[in-house]
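Subject: Structure handover

Hello,

Here is the structure for you to look at. Please open it beside this email and find each residue as you read.

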Amino acid sequence: MFLIPNEKIMQQRKEFFLALIERIFLRDWGTKLIALAITLAIWFGVTGQSITRRIRNVHVNYLQSNEMQITNEPIHEVEITITGDKQKIDRLKEEDLVISADLSIIPAGDKIVQLSPETVSLDLPSGVKLNEVQPNKIAVKLEKVMEREIDVKVDFEDSLPEGLEIYAKSVEPSRVRVRGPESAVKALDSILTEKISLENRKTDFIAKQIGLNLVNSKITVLDSIVDVNVKVGEKRIERMFTVETKYENEVKKINVILLASHSVLEKIKPEDIQITLEKLTDGKLIPTAILPTEFQNSVEIKSVK
């Protein structure tokens, strides 16, 4: 058959592509299969390689019941050994690994807790497992938890201006609830407020929303805020007044010691103080002093003899 030039070129191209396809897909099947098998083996060998790795400084979290609390200082970091897929292990963030040890069913007392793959939990990807924990034993002391109310005491700092003093202080609430290990809570008889400054305080004041200063970190304050009411006044002194009173036609001299500021005491005269006498069954007389109404809130009667 006679072909014109263009048809001849097209025929040559067709024969070339048919030969190329035959070479790629139909010839040397054995060699191609071997190459494919080697490639797959290498790929699976890299992606599926299993390794063992030791990781240090893994944090331990102790799970406790609400009725128990750890009172010693057990270890909080361990060393672990894991095994599994190399790529997955390489992708782990070691600083995020946390082992959880469940102590919720352990009774009170000094105990030895076993740390092993069977007794702890650790979040690992599939294909990676925990093999070992070191140390594999820890000593813990568990105590029962208790609550009770304790007194609040005010803690001041700095000083009042010259010539002034604190007349009285009160806390609201005066007692707060605390919660913690039984031995620590029983040993606690009071709790201090945070320090309240007296600098430049010249009159009565109320310090609101004052926190409480608890040094034992194992105890929790359930009512942690109080208000403190402070009465400030002129510095007080003691002065004795001798008051004469009649009893059964006899004049008795009674010594009354008063505590008040100098300016208030200057206003009081012996005749302002009223004395009553009570006779006991044994014949002893018991005197009582009564101040005028205007002085009752500013003067304290220290003794009557």
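Below are the notes on its cores and its salt bridges.

Keep in mind that this is a predicted model.

**The cores**

Start with the largest nonpolar core, which has 27 residues. Which of them touch the most other members? They are Val78, Ile80, Ile82, Ile99, Leu124, Leu130 and Val133. S1 gives the most, with five residues.

Now pick out Ile99. Leave aside its neighbours within four places in sequence. Ile99 is then in contact with Val58, His59, Val60, Asn61, Val78, Ile80, Val120, Ser121, Leu122 and Val133.

There is also a second, separate core. This one has 24 residues, including Leu198, Phe205, Ile210 and Val230.

**The salt bridges**

How many salt bridges does a search of the whole structure find? It finds 18.

Take Glu79 and Arg56. They form a salt bridge, and their closest N and O atoms are 3.2 Å apart. Glu79 lies in strand S3 and Arg56 in strand S1, so the pair ties together parts that are 23 residues apart in sequence. Is Arg56 buried or exposed? Its relative accessibility is 62%, so Arg56 counts as exposed; the cut-off for exposed is over 50%.

Next come Arg175 and Asp151. Their side chains meet in a salt bridge at 2.7 Å, N to O. Arg175 is in strand S11 (residues 175-181) and Asp151 is in strand S8. This pair links distant parts of the chain, 24 residues apart. Arg175 has 36% relative accessibility, so it counts as partly exposed. Asp151 is partly exposed too, at 33%.

Glu266 is partly exposed, with a relative accessible area of 46%. Arg239 is partly exposed as well, with 26%.

Best wishes

How values were computed: Residues are numbered from 1 along each chain as its sequence is written. This is a predicted model: local features need pLDDT of at least 70, side-chain atom pairs count only at pLDDT 80 or more; totals for chains, interfaces and linings use all residues. Side-chain values use heavy atoms; hydrogens and water are left out. A nonpolar core is a set of buried Ala, Val, Leu, Ile, Met, Phe, Trp, Tyr and Cys residues joined through side-chain atoms within 4.5 Å. Buried means under 20% relative accessible area, exposed over 50%, partly exposed in between (1.4 Å probe, protein chains only). Helices (H or I, at least four residues) and strands (E, at least two) are DSSP runs, numbered from the N terminus. Contact means heavy atoms within 4.5 Å. A salt bridge is a side-chain nitrogen of Lys or Arg within 4 Å of a carboxyl oxygen of Asp or Glu.
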